[in-house]
Amino acid sequence: MLRLPPFTYLQPKSLRQALRMKADAGPDGAYIAGGTDLLPNMKRRHQEPKVLVSLSGIRALGRITGGTGGSALSVGAGVTLTALHTHRRTRKRYGALARAAELVSSPLLRNMGTFGGNLCLDTRCNYYNQTYEWRKAIDFCMKKDGVICWVAPSSPRCWAVSSSDTAPVAVALGAEFVLVGPETERVLPAAEFFNDDGIRYLTKHPDEILTEVRLPPANGWDATYWKLRRRGTIDFPVLGVAVWVRWDNGLVADARIALGGVASYPKLVPEAAAVVVGTELEDDAIREAAAAAYRPAKPMDNTDFGLAWRKEMVRNYVTGALEELKARRGSGTTKRDV
Amino acid sequence: MGGRKGRHQVVGTPRRKVDAVSKVTGRTLFADDIALPRMLYGRLLRSTTPHARILRVDTSKARALDGVHAVLTGADFPVPFGILPVSQDEHALCPDRVRFIGDPVAAVAAVSEDVATTALDLIEVTYEPLEPIGTPEQALDTEEPRIHEYGPSGNIHKLIDLEFGDVEDALATADHVREDLFFYGGNTHLAMEQHAAVADWSADGKLTLWSSTQTPHYVHRALARVLELAPSRIRVIATPNGGGFGGKSDPFSHEIVAAKLAMLTGRPVKITLTREEVFYCHRGRHPTLMWVKSGVDRTGRIKGMHFRTLLDGGAYGSYGVASAYYTGALQTVTYQVERYRFQGARVFTNKPPCGPKRGHGTPQPRFALEVHLDKIAEDLDLDPAELRLAHLQPPESLTANYLRIGSMGLGACIRKVVDGAGWKERFRKLPYGRGIGIACSSYLSGAGLPIYWNHMPHSGVQLKLDRGGGITVFCGSTDIGQGSDSILAYIVAEVLGVAVADIAVVTADTALTPVDLGSYSSRVTLMSGNAALQAAERAREILVRHAAAKLDVPAERVGLADGQVFDVENPDVGMTFAEAVQAAEAAEGTIGTVGSYTPPRSPGRYRGAGVGPSPAYSYSAAIAEVEVDPTSGIVVVPRIWIAHDVGTSINPVNVLGQVEGSVYMGLGEALMEEMVYRENRNLVHKIPSMLDYKSPTTLDMCDVVTYLIEDPDPEGPFGAKEVGQGPLLPVPPAIANAVYDAVGVRIDEVPITPEKVLKAIKDCDKGRDGRFGPMRFPDVPWPEPTRVPPPWEGGDGRAAESGAVGAGGVRSSSVSAPPVPAPEERQH
Ligand SMILES: Cc1cc2nc3c(=O)[nH]c(=O)nc-3n(C[C@H](O)[C@H](O)[C@H](O)COP(=O)(O)OP(=O)(O)OC[C@H]3O[C@@H](n4cnc5c(N)ncnc54)[C@H](O)[C@@H]3O)c2cc1C
Ligand code: SF4
């Protein structure tokens, strides 16, 4: 079978310890949470850390707190995807996020995979997610070991795809991320955590640990997440559509639409969101918003399915998501059956 | 071959497989589970270029690495091999030439997989690139370089041209003529277990190989040939296969290399392939382009059919010659075809070799034929189920190409699914977006001829009767999950009137078991079943003779049931089975019997008649229901009704399992599975992983309503015919026909992806005819046809003019599809 490269595995008990171990290891170190992304990638020599600093022994990262009586919900980065989507409060008040978590991979991987790991997920490309020998056969690309981009050979950058299911939802909900570094602690709006670059896809410093995700209090808004993939399970999204709307007297007072799977980051499409503000999500408004989301979506030919079809599906999925929110309007709840 | 009439105690009753508990509790030992003392780990270095001369292989650094015990290159394997005698074109390691990305070039044995992996990185190979050939069209157009030095010309591996009656004349006089082009994408087996082999070279100079192979006998032969060792010094044991589906039917490099490494190092060596390597071993479904032109009368009776296939063979011969013949062999066995012409071509390309996958060469033409018939039915304004029912090939008949049909339950199959699915009420009557479609098929219960020419039995069984009452069945057959071990036990238990639990089954071990050719062509239940039946009947005779003497009743009055041997007219008088064995043993000495099976000779006498004959043909009919989202082209299949004529179910739950598994595989081929290579990037496999090669998951699986049609076939043990492959065949065309019923577009190729469906729907919306499929069949330098008059035109199974076979006259022709506007490029 494919072998992992050799590494040392460290299991700190506290954040401080983890930060120190990582600092000591320098560029050869990496954090590992559930390992469901990192370890397969290491087998294919995408990352070759010599020291893995595990975050799974740090209790504080595994908590879900708040979220009652109009307070914000705080989710530890180490919470597993299973815990995230089965937790009563997320299911009840943050259905879109629970839904996205539930749609990730398979039950076994969700038992191991964490929310934090999902947000930090490496970008994907079918020229890159291949073994070392395979990549050698066509010559390496710039994301690892090479200089060219095989998807767009004249491009100076890498177009690997943001393939996290929860990331677009976090962005659409306007979540905040807490990052703890050796000397710093900062809070970033979700959208600023991601970068439109297949290689430097996070704005996070390599030593920083994502400790917590803060979700806004659940009142007056509704959201949903639609995922496109070939099969009913296991597959990464080739398109994710997260839509958030704030209702005011039956009209959309504010909206955010974020697309996953079409760029190297979860892509907000404000031009599409702007269309629905002030409307009741009438059919015309939905159609226009879908068209506005379709235009800037630029999937590349590096995932399952053809790019033209994936782009076209942006229209369908934005339409579907908005129609779902419209249907739920006035039901007086942001709950969604998951 | 019959079997005793009347009520059965074992046959026909649903029961657990003999190895079921071991399998589900994880106790079964697969090849990779074997760990021997001092075992080394082998790995293969594979080509990173699709087509090249090997200039140099420098293994010095790898040899110098600590923990490496041996390094091999092509120079260590001068003798070629290949599954078919006519295609001995593979080497365990390539000596001078690589032909696809994944072709093995060197190998190491080391103390661990990690060290072996590191050692591979240290081997330096210098290649001189040759022009890679990516498509069959390119293969036909490229004289030089040739991927192989054999075959009629250039990169053509095999050309076939057979004509049964004057088809041109039939087409000219038919009421209606229709011409269609189809493409069936290549796909792979995707067995859960990766191939693995462990070799041991004993201090006494004997080689043992444990391997997850479907064909230990052929591996035995290949090892003897390549290693230049007497067969008597080689023992091949096929471990239980974690699925095979045809992907473990060839002898493979890793098996031969493991053996050689064990011989060199004197230590056991294990090689387990990675999933990516399994994609490179491949031997899966040939991508096949097809052209068919049929002339029918007003009722849809096929007066003449002309069928052409072009198979993309990949880099080696494998079973390819047989595969090519199979794309033309079984068109005639479902509905009567009065005159028939088949032209088939297989070409080499620089991609992993294609070979036999479940249905071997027949799902592609079956797809084409069944969609073609659906279109003909519409042209003639006939119900496609009725059209089929009206022209069934009769039982106990000969076909135009001299296949002998025995029992034939297709009519019953069609009627079952038509009733079950509410066909009459729903066909062409469902709302836009929903549809149903029908298709039928047939498959062999074992190939009539062996892979290498010989007159010996295809399957042999030995029975050993123990005085304690236990029975051991020895047979070379290989259980690949299909349940063949269980079938042996059931049949022997039935004949000897003992419990299945009293039977021990020893299979697939060339040192212990008589030859069975292997688990392919759906041959095992019929052939090893018949051999077991014969051995058991012979044992029964011995026991009856001695029990009769002891009981002092005539032999005809002795019965065997429930572990007792007794007087049927006075059942209280008798003895236990063990006592009967003891009586026999006391009188005759050790009790053992043998049985064997050789298929009947087929009436075809022309060259090429060897592919297609079978002792019995199974039949299936399926109706698929689909939901098509016209805004995305996404096709969902909620349900499939399928009826399968299995002759007799020896174990009905096992039969159901095979039907459902076949439907599952057919669904994947119909909707998503495809081997895709990057033509602009060195022909590298685009998606060589379980995650990216899309095969349906549990959530994508449809409901299956199965009907078993039981009409015992005289050739089968207790009347049994095959079920392992046939039920896959009608699934893709039934789905394609249902898509047309749902949204009015013809997707004339599989997989039927949302992109293709959406494109066709848009085309339709623009007023065009909404077809997605190939546009052209390229020029092929067909040979002169071998002309064989069909039986009803005075033929005797021989070619008409001697000397016509392979005669020089080469002519070329080109055919286009019916005009379809807006040519779309096929995307692969
Ligand atoms: C077959 C398969 C299918 C999959 N399908 C999907 C899918 O459909 N959708 C999807 O979104 N994902 C999918 N995944 C990816 C993965 O399982 C999930 O994204 C999972 O949530 C990753 O979490 P983890 O804890 O296992 O991350 P890890 O593998 O442990 O880490 C991933 C990366 O994040 C970093 N990291 C993790 N936690 C932190 C932290 N707290 N602070 C800083 N850095 C951190 C690690 O250093 C590493 O670089 C799939 C994976 C596989 C193998
Ligand atoms: S987008 Fe280009 S650079 Fe990035 S991983 Fe894919 S091929 Fe490599």
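A salt bridge is taken here as a side-chain nitrogen of Lys or Arg within 4 Å of a carboxyl oxygen of Asp or Glu. The model is predicted, with pLDDT of at least 70 required for local features and 80 or more for side-chain atom pairs, whereas totals for chains, interfaces and linings use all residues. Residues are numbered from 1 along each chain as its sequence is written, and side-chain values use heavy atoms, with hydrogens and water left out.

**View 1. Salt bridge between Lys22(A) and Asp207(A).** The closest N and O atoms of this pair are 2.9 Å apart. Between domain 1 and domain 2 of chain A, the count is one salt bridge.

View 2. An automatic or database domain assignment gives the bounds: domain 1 spans 1-57 and domain 2 spans 59-120 + 161-331. Eleven residues of domain 1 are in contact (heavy atoms within 4.5 Å) with 14 residues of domain 2. The buried area (accessible area, 1.4 Å probe, lost by two parts on being put together, summed over both) is about 1100 Å², 69% of it from carbon and sulfur atoms. On the domain 1 side, Leu15(A), Leu19(A) and Thr36(A) lose the most area, together 42% of what that side buries.

**View 3. Interface of chain A and chain B.** Here 31 residues of chain A are in contact with 37 residues of chain B. About 2900 Å² is buried between the chains, 51% of it on carbon and sulfur atoms. Trp134(A), Arg231(A) and Trp309(A) lose the most area in chain A, together 21% of what that side buries.

**View 4. Salt bridge between Asp235(A) and Lys694(B).** The closest N and O atoms lie 2.8 Å apart. Four salt bridges are counted between chain A and chain B.

Notes:
Chains lettered and ligands numbered in written order.
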